[in-house]
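Here is a short report on the fold shown below. Keep the structure open while you read.

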Amino acid sequence: MKVRTEFYSRLKEIVDACVIELSLPQNATVNDLFEQLKRRDPELRDFDKSVLFGIGVEFVDRNHELKDGDTVAIMPPVQGG
């Protein structure tokens, strides 16, 4: 299946793109997606414990099962001051 991944803030600098489309096996989860991305761009491991994942207008956890055509937003935690 194809999944579109959108990156925000520092993460888009790391992957050198705002959007990447990936192929994943059926029944893949958000965690499977992020593991594939970390193999592609190992610097993403620095954000392993802190990134947020969203599909549509909802945040999802790493066990969320993806569907063909999903768009997953991956963003670092918001920092304020």
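This is a predicted model: local features need pLDDT of at least 70, side-chain atom pairs count only at pLDDT 80 or more; totals for chains, interfaces and linings use all residues.

Strands β3 (residues 52–55) and β5 (residues 71–75) run antiparallel and are joined by four bridges.

The β3–β5 pair belongs to an open sheet of five strands. The strand order is β2-β1-β5-β3-β4, and the pairing is mixed. Two strands sit at the edges, β2 (19–23) and β4 (58–60). Each of these pairs on one side only. From one strand to the next, the twist averages 35 degrees.

## The helix on the sheet

Helix α2 (residues 30–40) packs on this sheet. The helix touches β1 (2–7), β2, β3, β4 and β5. Its direction makes about 110 degrees with that of β2.

## Two loop residues with positive phi

Start with the loop between α1 (10–15) and β2, where Asp16 lies. Asp16 is not a glycine, yet its phi is positive, at about 60 degrees. Is Asp16 buried or exposed? Exposed counts as over 50% relative accessible area. Asp16 has 70% relative accessibility, so it counts as exposed.

Now move to the loop between β2 and α2, which holds Asn27. Asn27 also has a positive phi without being a glycine; the value is about 70 degrees. With a relative accessible area of 52%, Asn27 is exposed.

Terms used
Residues are numbered from 1 along each chain as its sequence is written. Side-chain values use heavy atoms; hydrogens and water are left out. Two strands pair if DSSP finds at least two bridges between them. Axes are lines fitted to C-alpha atoms, for helices over the stretch in contact, and angles run from 0 to 180 degrees between N-to-C directions. Contact means heavy atoms within 4.5 Å. Buried means under 20% relative accessible area, exposed over 50%, partly exposed in between (1.4 Å probe, protein chains only).
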